Amino acid sequence: MVNADATEPQSGEPGEHEAAPDAVEAVPGIGLTYVIGRWVLAPLARMLYRPRIEGREHFPRKGAVILASNHLSFIDSFIIPMASPRPVRFLAKSSYFDGTGFRGWLSREFFFAAGAFPVRRGAGQAALDALDQQKKMLDAGWSTALYPEGTRSLDGRLYKGRTGVAFLALQTGAPVIPVGLIGTSDIMPVGAKFPRLRPRVTVRFGEPLDLSHHGPADSGRARRNATDEIMAAIHALSGQELAGAYNEAPPQNTVERIKQALPHERR
């Protein structure tokens, strides 16, 4: 799912110590590396980038919460935790954690420091495994971030949301905080190896959304309507042009073209 604000909650405030380690099975990385990232690297990054942060008062001080954000740049998953008043965890490609040697260790520790956990990317079982891992985080009372669009927007427009975020919210009862990121693609455009120091970015946290009125998680219509409500809230915060379509890679063959043409629910 790194932004900034001037103040951080003190270590004794609710939300900084969320659930016992065994509350989330097979979710590694909470340890000294994360503490260094949260209390040393994040404040330094805020001093350096001076992001504009709006709506931090909407963030619940404790309990499970889902951050649903637009996605413009690789750096988004570091901006959001940096800007949040509580620790935020997110899922990242397992390849970032699988490297060997010094570079592999450095990549692994860097992502652990940012609050990331490894997950296999893809459809089918991989997508279900990712949802299950995030559900474990929420059941433990953590806050977790994800991108309903599924992947970065390469043209700056806001694409339709996939329903996994609504499934999590309706299944767990966790509130959803919409997040609007502005300017992150200017700091680190697609293809850039390192972020620029200018311009400043803006992070907007919206009011928490209770989506329970849409219906149960096993209802496709409830998931679709809840997702559309989330995306409308993100649009109000980001001000992006609406794409009116899903953010999908161009089909590589006839079978993929047929799959995209057939009606189906995008998770």
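Of the 267 residues in the protein chain, 47% are buried, where buried means under 20% relative accessible area, exposed over 50%, and partly exposed in between (1.4 Å probe, protein chains only). The model is predicted: local features need pLDDT of at least 70 and side-chain atom pairs count only at pLDDT 80 or more, whereas totals for chains, interfaces and linings use all residues. Residues are numbered from 1 along each chain as its sequence is written, and side-chain values use heavy atoms, with hydrogens and water left out.

**Whole chain**

Display the protein chain as a cartoon: eight helices and seven strands make up its secondary structure. Helices (H or I, at least four residues) and strands (E, at least two) are DSSP runs, numbered from the N terminus.

Next, select W39, V40, L41, L44 and M47, which make a nonpolar surface patch of about 500 Å². Patches are made of residues with over 30% relative accessible area and no salt bridge, like charges being joined within 9 Å and nonpolar side chains (Val, Leu, Ile, Met, Phe, Trp, Tyr) within 5 Å. V40 belongs to helix 1 (residues 32-49). With 42% relative accessibility, V40 counts as partly exposed.

**Salt bridges**

How many salt bridges does a search of the whole structure find? The search returns five, a salt bridge being a side-chain nitrogen of Lys or Arg within 4 Å of a carboxyl oxygen of Asp or Glu.

Because E54 lies in strand 1 (residues 52-54) and R204 in strand 7 (residues 202-205), the pair ties together parts that are 150 residues apart in sequence. E54 is partly exposed at 37% relative accessibility, and R204 is partly exposed at 26%.

Move to K136 and D132, another salt bridge, with 3.8 Å between the closest N and O atoms. These two residues are four apart in helix 4 (residues 125-139), so about one helical turn separates K136 from D132. K136 is partly exposed, with a relative accessibility of 27%; D132 is also partly exposed, at 40%.

A further pair to select is R157 and D155, whose side chains meet in a salt bridge with an N to O distance of 2.9 Å. Relative accessibility is 26% for R157, which counts as partly exposed, and 42% for D155, likewise partly exposed.

**Helix 5 and its end**

Now select helix 5 (residues 164-172), which is mostly covered, with seven of its nine residues buried. Which residues in helix 5 are buried? They are G164, V165, A166, F167, L168, A169 and L170. Just after helix 5, inspect the backbone of G173, which takes a positive phi of about 80°.

**Strand 5 and S143**

Finally, select S143 in strand 5 (residues 143-146). Is S143 buried or exposed? S143 is buried, its relative accessible area being 0%. Show P87 as well: its backbone oxygen lies 2.4 Å from a polar atom of the S143 side chain.

How values were computed:
Accessible areas come from the Shrake-Rupley method with a 1.4 Å probe; for residues, only the protein chains shown count as cover. A polar contact is a pair of N or O atoms within 3.5 Å; within protein, one must be able to donate a hydrogen and the other to accept it, and residues adjacent in sequence count only if both atoms are side-chain atoms.
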